Amino acid sequence: MNTPVSADRVDTLERLLGDPEDAGNPLGYGPILEADEDDRMFAAGERALDGFGLNAEFVPPEYGGRLRGLDAFVNIMRVVYRRDPSLGLGYGFSSFIAGVNVWSAGDGDQCRTAADLLLSGRRIAAAYHELAHGNDFAGTDCAAMRDASGRLLLSGRKEVVCNIHRSRALVVLARTAEGRGSRNHSQLLIDKAALPPDTLVDLRRWPSVGMRGVQLGGMEFRDCPVPDSAVLGNEGQGTETALRSFQLTRIALPGMLCGVLDSGLRLAQRLAVERELYGEPVSALPTVRAQLADAFVDLLISDCCTTVAARGVHLLTEQSSVHASAAKYQVSGHLIGAMDSLAAVLGANFYLREGRYGAFQKLLRDLKLAGFGHAARVACLVTMLPQLPVLARRGWMDGPEAPSEVFRPDVELGSLPFQRLSLFGRGRDSLLTALATGAGRLAGDGTAEGAEAAHLRTLVGQLRDESEALRRECALLRPSDIGVDAPPEVLQLPARYAALLAASACLNVWLGARDHGDPALQDPAWLIAALHRLARGLGHAGTEGLGPVRERLYSHLAERYEAAESFDLSRRRLPS
């Protein structure tokens with residue numbers, strides 16, 4: 001299932017980059033691994049992306065770019081992440097992170113300046129991070145204060161920032177007032193070339209275990225003069241802008257990283273069919289087939305979560321603050337857990353740094369970004385927690401229904417609504433409501449028969465029981481339970497909520513595929529396995545007798561592998 005406008009661009013980029021497993025491909029795993037060993041960006045890959053004009057995908061159409069549907073953007077970037085996550089982050093996603101802040105809060109001149117830089121092939125870095133404070137924006141030391149003449153002078157350090165050295169411009173989060181209040185920080189769009197060179201000092205590069213080619217550097221500002229025209233939005237709006245922009249990046253990053261699991265699954269299946277044990281292929285072992293099938297299900301759950309959340313940014317904009325954090329938390333767990341499981345399938349081969357399976361260890365290392373990145377998993381739970389009591393008391397599963405287009409990736413969306421993003425929802429969650437309405441449709445239409453129907457009834461019943469139990473617990477939360485110092489056990493509540501949203505996404509994507517004739521997703525086997533996995537993760541029994549379901553899923557996986565098709569929702573034909 002492809003978004004129509006982006007499908008051709010995805011296919012064009014796939015053909016441009018070629019089959020990564022082809023030993024003769026200059027853009028394949030061999031050269032990618034050589035660059036990784038040398039801790040450098042993959043230069044040939046960057047040149048190819050220059051030729052494709054990838055930076056145009058980061059710029060809205062009103063400024064000359066191609067950024068429209070968030071799910072379409074994720075599908076394009078997934079092509080790059082499927083081969084080399086370092087290239088995906090280091091070439092461009094860091095510019096997207098910076099850019100969404102400009103599109104969200106910048107005036108016309110600032111947006112045109114940023115667009116012109118990106119469309120000319122240059123980069124913008126998001127300079128948020130300070131080692132002393134991590135993701136604690138309230139503790140930011142880097143400050144832009146006014147001198148006696150009223151001029152802003154920027155002083156302080158930003159550290160472990162992607163592309164800070166080689167970016168032409170920076171979006172800097174800086175303190176513009178004393179204290180730790182939410183209105184004490186601003187974002188500044190700074191053109192490095194327009195500043196006195198003696199006011200900028202490059203700091204050392206920080207090495208990393210994963211994403212080794214990404215240029216993680218730092219910069220010290222020494223009374224750097226900043227014009228008032230550099231302030232994005234109103235002075236003091238910086239933290240709010242960052243938090244609204246995170247709603248896009250928290251969805252996009254895990255969505256792109258689904259490509260890592262797709263490639264890891266492909267490498268594991270290759271080993272399973274090529275290696276023999278006791279005179280038979282490794283894939284003949286039931287345990288191995290089950291592990292591969294489970295990883296396949298993890299990928300489909302992850303893709304459902306990020307696709308629905310991405311489309312929800314357009315269609316359920318006011319609710320995206322919850323959906324984005326839920327997607328980042330839930331999907332990162334599935335991706336990391338599945339890749340760790342596949343490492344066991346590869347055995348000692350997952351340590352190899354070259355050869356037919358050498359890419360797996362790099363993908364595994366690079367994927368760790370999913371768990372922290374610009375927002376750690378626990379930060380996502382803390383973001384969701386304050387909204388749960390309001391949801392429990394106002395709406396929960398009886399709120400307004402989500403439009404069917406939220407679950408239909410084949411339906412094209414309009415431009416991203418940057419200005420309509422909200423820090424808090426309105427006590428309603430249409431995705432959770434869709435779990436109830438989807439369950440009702442499932443019970444009433446009799447599509448699944450026999451054992452499949454029994455599995456689905458059991459699983460949906462457990463999920464609805466979980467939802468009601470969670471609603472009661474969330475309604476009892478006190479103000480002291482939902483702050484940044486909330487007791488650890490309370491954070492299980494948003495984790496459970498995220499799992500229910502994942503279940504809703506899977507159920508309704510399947511219903512949409514069934515209703516509109518998508519053969520790739522009509523088989524209920526993957527839905528049964530997905531709901532079972534989510535129910536078990538919530539402490540429920542799940543359903544019994546899943547052996548035949550897993551076997552059918554493995555057959556689907558093997559069929560896609562032989563046909564050189566992707567393992568995600570799109571089932572896209574891949575270069576081979």
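Val-160 is found in strand S3, which spans residues 152–162. In this predicted model, the phi angle of Val-160 is near 55°, a positive value in a residue other than glycine. Most residues other than glycine have a negative phi.

- Asn-163 lies in the loop between S3 and strand S4 (169–175).
- Although Asn-163 is not a glycine, its phi is also positive, at about 65°.
- Asn-163 is buried, because its relative accessible area is 1%.

**Helices H4 and H5**

- Helix H4 covers residues 70–81 and helix H5 covers residues 85–105; their axes come within 8 Å and cross at roughly 145°.
- On the H4 side, the contact is made by Leu-70, Phe-73, Met-77, Val-80 and Tyr-81.
- On the H5 side, these residues meet Pro-85, Leu-87, Gly-88, Leu-89, Phe-93 and Phe-96.
- Sorted by class, the contact of H4 with H5 holds ten nonpolar residues, one polar residue and no charged residues.

**The largest pocket**

- The largest pocket contains about 950 Å³ of space.
- It is lined by 31 residues, of which Thr-239, Leu-243, Val-382, Thr-383 and Val-484 are the closest to its centre.
- At least two lining residues are supplied by each of helix H7 (238–274), helix H9 (320–346) and helix H11 (377–384).
- H7 provides the largest share of the lining, with six residues.
- The lining consists of 13 nonpolar, 13 polar and five charged residues.

**Cysteines**

- A search of the whole structure finds zero disulfides.
- Cys-380 is in no disulfide, and the nearest cysteine sulfur, which belongs to Cys-305, is 13 Å away.
- With a relative accessibility of 0%, Cys-380 counts as buried.
- For Cys-506, the closest cysteine sulfur is that of Cys-304, at 4.1 Å, which is too far for a bond, because a disulfide requires the two sulfur atoms to be within 2.5 Å.
- Cys-506 is likewise buried, with a relative accessible area of 0%.

**Ser-430 in helix H13**

- Ser-430 has its place in helix H13, which runs over residues 430–445.
- At 1% relative accessibility, this serine counts as buried, because the term applies to values under 20%.
- Leaving aside neighbours within four places in sequence, Ser-430 is in contact with Leu-316, Gln-319, Pro-400, Glu-401 and Ala-402.

**Glu-21 between helices H1 and H2**

- Glu-21 is found in the loop between helix H1 (4–17) and helix H2 (29–37).
- Its relative accessibility is 22%, so Glu-21 counts as partly exposed.
- Not counting residues up to four places away in sequence, Glu-21 touches Tyr-29, Arg-266, Leu-267 and Arg-270.
- Glu-21 and Arg-356 are 335 residues apart along the chain, while their C-alpha atoms are separated by 7.6 Å.

How values were computed. Residues numbered from 1 in each chain as written. Predicted model: local features only at pLDDT ≥ 70, side-chain atom pairs only at ≥ 80, totals over all residues. Heavy atoms only, no water. Axes fitted to C-alpha atoms, helices over the stretch in contact; angles between N-to-C directions. Helix = DSSP H or I, 4+ residues; strand = E, 2+ residues; numbered from the N terminus. Contact = heavy atoms within 4.5 Å. Nonpolar A, V, L, I, M, F, W, Y, C, P; charged D, E, K, R; others polar. 1 Å grid on protein atoms, 1.4 Å probe; cavity = no way out; pocket = protein on both sides within 12 Å on 5 of 7 lines; lining within 4 Å. Points joined across faces, edges and corners; volume = space filled by probe spheres on them. Buried < 20%, exposed > 50% of the residue type's maximum accessible area, 1.4 Å probe, protein only.
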